[in-house]
Amino acid sequence: MSEPNTRRTSGAWAVVAVLLAVGIVLPLLVGLYDSVEPRLGGFPFYYWFQFLLIPVVSLLTFIAFRLSVRATAKDRTRFGLPAEPGEDTRPSGSER
Amino acid sequence: MHTVQLVIFLFFFLLVTVMGFMASRWRRADTLDSLDEWGLGGRGFGTFISWFLIGGDIYTAYTFIAVPATLYAGSVVGFFAVPYTIVLYPIIFIFLPRFWSVSHRHGYVTPADFVRGRFDSKPLALAVALTGLLATMPYIALQLVGIQVVLEIMGIGGGENASFLEKDLPLFIAFAVLAAYTYASGLRAPALIAFVKDTLIYVVILVAVFYLPSQLGGWGHIFDAASKSFDLFNKENADAIKAVPPQAQGKGILPPPAVHWAYASLALGSALALFMYPHSLTGVLASKNRSVIRRNAALLPAYSFLLGLLALLGFAAIAAGVKVDNPQLSVPALFDKMFPGWFAGIAFAAIAIGALVPAAIMSIAAANLWTRNIYKAFINPAATPKQEATQSKLVSLVVKFGALIFVLGLGTQDAINFQLLGGVWILQTMPALVFSLYTRWFHRWALLAGWAVGMVYGTLTAYNVPVPGKPGSHFGGPLQLVPFTQTKGYIALTAFVINVLVAVVLTLVLRALKVANGTDETSPADYHADAGDRGVEDVLEGEPGTAPTTG
């Protein structure tokens with residue numbers, strides 16, 4: 001059981017924030033990738049780089065998700081919620 | 001007329017129509033008003049099937065028609081749809097879980113519900129609801145265009161010399177089908193036909209993005225052909241391009257530095273806007289618990305990959321030698337040219353059904369917004385369920401008429417502008433909706449004023465953008481110079497920044513004057529509650545994760 005300590009999750013949330021900020025800002029920096037060369041499989045750099053960003057940002061978001069699951073669980077007590085949601089003790093995200 | 005195509009097309013179309021009407025008879029007990037019918041994206045299936053169904057909802061006329069058309073037309077910012085769908089998911093990750101929690105604690109099913117509860121302000125909730133209604137119309141218009149172009153390629157409707165009525169015949173058919181379908185079956189129909197629709201869509205996408213490039217000499221050749229064609233155009237029109245300062249652009253396959261912000265702001269603005277739409281937010285509420293949203297945010301980008309390849313079909317059409325005046329026809333014309341008749345028929349059915357379903361969902365979501373947040377809140381608080389159902393049905397028709405007016409009034413040459421115009425409006429509800437998930441610092445009247453200024457600025461600016469080559473025309477594009485700069489940006493995002501500035505300044509003033517800011521009915525814990533917590537009701541029949549349509 002985690003203590004109601006406000007500092008304990010802020011580190012995790014900071015990492016989450018950085019991961020997501022990279023995922024949002026990187027695709028918007030068009031100057032990084034607006035060139036034809038080097039080509040890959042016939043695709044100009046501009047195009048294959050953006051395709052490459054899809055799995056990269058997906059991975060960043062996934063890591064952020066894993067971190068957030070733990071941080072969210074710790075945060076619950078801070079807001080006067082039981083440490084675990086009532087009857088629903090399944091791991092978050094599991095299918096029925 | 002293309003007989004084989006038409007027969008196959010009609011076969012699939014009739015099949016899903018019959019299924020749709022059967023759906024309405026099958027489990028009739030519920031009222032149309034019940035938004036709990038929503039769970040389109042997932043209905044208790046496992047991860048794979050949910051993923052499959054959600055993906056089917058993402059591919060609409062936006063991905064099949066409008067996005068490839070911008071590339072076909074040589075727009076240097078046309079590929080923005082890909083970064084749009086990339087940055088979308090980290091953004092979802094941030095604020096949607098809080099919205100999920102507070103909505104489930106308080107039984108909110110629309111964005112306007114939350115705003116009313118948080119600020120105790122009917123005018124602000126009304127503004128949010130009206131914006132949702134208005135912004136949904138051009139979005140539906142885009143889907144109508146999708147059905148229209150498919151019908152046109154199959155030879156329904158007139159050619160160049162056709163009369164006005166004949167020319168718009170495909171559009172009226174598309175409208176009539178959509179209206180009849182939604183009116184009769186409500187949301188059950190799209191839920192039941194999802195499997196047929198999604199199977200068709202995936203088959204067509206996979207064949208299109210793998211078979212077509214191989215027939216056209218590979219992607220390298222496709223890019224070269226597009227590039228060559230644009231260079232030739234720029235050479236032939238060099239004088240005209242130079243004559244339109246200051247940010248005149250020729251055609252091209254990548255954006256020059258002058259339009260980098262245009263590209264980035266289109267992507268960011270579209271991503272921020274998507275989850276303000278009533279149909280998207282309501283879809284999110286159907287997910288089983290709050291972490292499903294975050295997990296899906298990590299899994300969904302796989303769809304962006306196919307979306308990007310579909311977008312490049314615009315270049316494939318150039319490589320295949322497709323010549324059409326209306327760029328929206330490029331992908332259907334490409335299918336017509338490259339596929340055997342029977343498969344083209346399947347592809348056209350997939351596009352049309354893939355446009356019909358989201359259009360139906362959007363119009364019903366908008367209609368429910370009307371019934372819940374305007375009709376019941378202001379006009380008839382004591383409405384019976386029957387009256388509510390009647391209202392929803394009628395307003396879903398009104399919304400579709402609105403969409404029809406957008407199509408007729410704005411022309412269909414650049415259908416992506418419909419979606420971008422909707423974004424200009426809907427993004428103005430973001431401060432009231434998203435900022436207030438985190439803070440009650442903003443004053444409700446300041447948020448309302450910011451919204452009003454953003455709406456007026458955005459609408460006027462968009463109105464004053466002429467269609468390229470037609471001075472004096474209106475609503476010709478999503479980009480305009482950002483005030484005090486020489487850089488073009490997406491009008492929605494500029495209006496949003498102005499909106500926030502107004503809201504901040506007026507909040508400082510109103511707080512200094514100690515003007516009452518209403519009673520907040522939510523508490524901090526509400527924003528963290530999860531499924532299983534006390535007071536968390538299944539607002540909608542709790543089902544595993546859903547995502548809304550991007551189209």
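Helices (H or I, at least four residues) and strands (E, at least two) are DSSP runs, numbered from the N terminus. By this numbering, P38(A) is found in the loop between α1 and α2 of chain A.

The structure is a predicted model, in which local features need pLDDT of at least 70 and side-chain atom pairs count only at pLDDT 80 or more, while totals for chains, interfaces and linings use all residues. Residues are numbered from 1 along each chain as its sequence is written, and chains are lettered from A and ligands numbered from 1 in the order in which they are written.

**Chain A: a loop and a helix**

Most residues other than glycine have a negative phi, and most peptide bonds are trans. The bond that joins E37(A) and P38(A) is a cis peptide bond, with omega about -5°.

Helix α2 of chain A covers residues 45-78, which makes 34 residues. From its first C-alpha to its last it reaches 48 Å, close to the 50 Å expected at 1.5 Å a residue (the expected span is 1.5 Å times one less than the number of residues). A kink of about 25° in α2(A) is centred on S68(A); the bend at a residue is the angle between axes fitted to the seven residues ending there and the seven starting there. Just after α2(A), G80(A) takes a positive phi of about 75°.

**Where the two chains meet**

Two residues are in contact if their C-beta atoms, placed from the backbone, lie within 7 Å. The contact takes 38 residues from chain A and 46 residues from chain B. On the side of chain A that touches chain B, the elements that give two or more residues are α1 (10-25) and α2 of chain A. The most comes from α2(A), with 15 residues. By class, this side of chain A has 19 nonpolar, 12 polar and 7 charged residues. Here Ala, Val, Leu, Ile, Met, Phe, Trp, Tyr, Cys and Pro count as nonpolar, Asp, Glu, Lys and Arg as charged, and the others, Gly among them, as polar.

Two packed helices are described by the angle between their axes and the distance between the axes. Axes are lines fitted to C-alpha atoms, for helices over the stretch in contact, and angles run from 0 to 180 degrees between N-to-C directions.

| Helix pair | Angle | Axis distance |
|---|---|---|
| α6(B) (122-153) and α18(B) (341-379) | about 160° | 9 Å apart |
| α5(B) (111-119) and α21(B) (430-438) | about 60° | 10 Å apart |
| α4(B) (81-106) and α15(B) (302-311) | roughly 170° | within 9 Å |

Angles under 35 degrees count as roughly parallel, over 145 as roughly antiparallel, 65 to 115 as roughly perpendicular and the rest as oblique. Therefore α6(B) and α18(B) are roughly antiparallel to each other. The contact of α6(B) with α18(B) has 22 nonpolar, 6 polar and 1 charged residues.

For their part, α5(B) and α21(B) are oblique to each other. In this pair, P111(B), F114(B), V115(B) and R118(B) of α5(B) meet A432(B), L433(B) and S436(B) of α21(B). These residues divide into 5 nonpolar, 1 polar and 1 charged. In the loop between α5 and α6 of chain B lies D120(B), which has a positive phi of about 55° although it is not a glycine.

Finally, α4(B) and α15(B) are roughly antiparallel to each other. A81(B), V82(B), T85(B) and I86(B) in α4(B) meet S304(B), L307(B), G308(B) and A311(B) in α15(B). This contact has 5 nonpolar, 3 polar and no charged residues.
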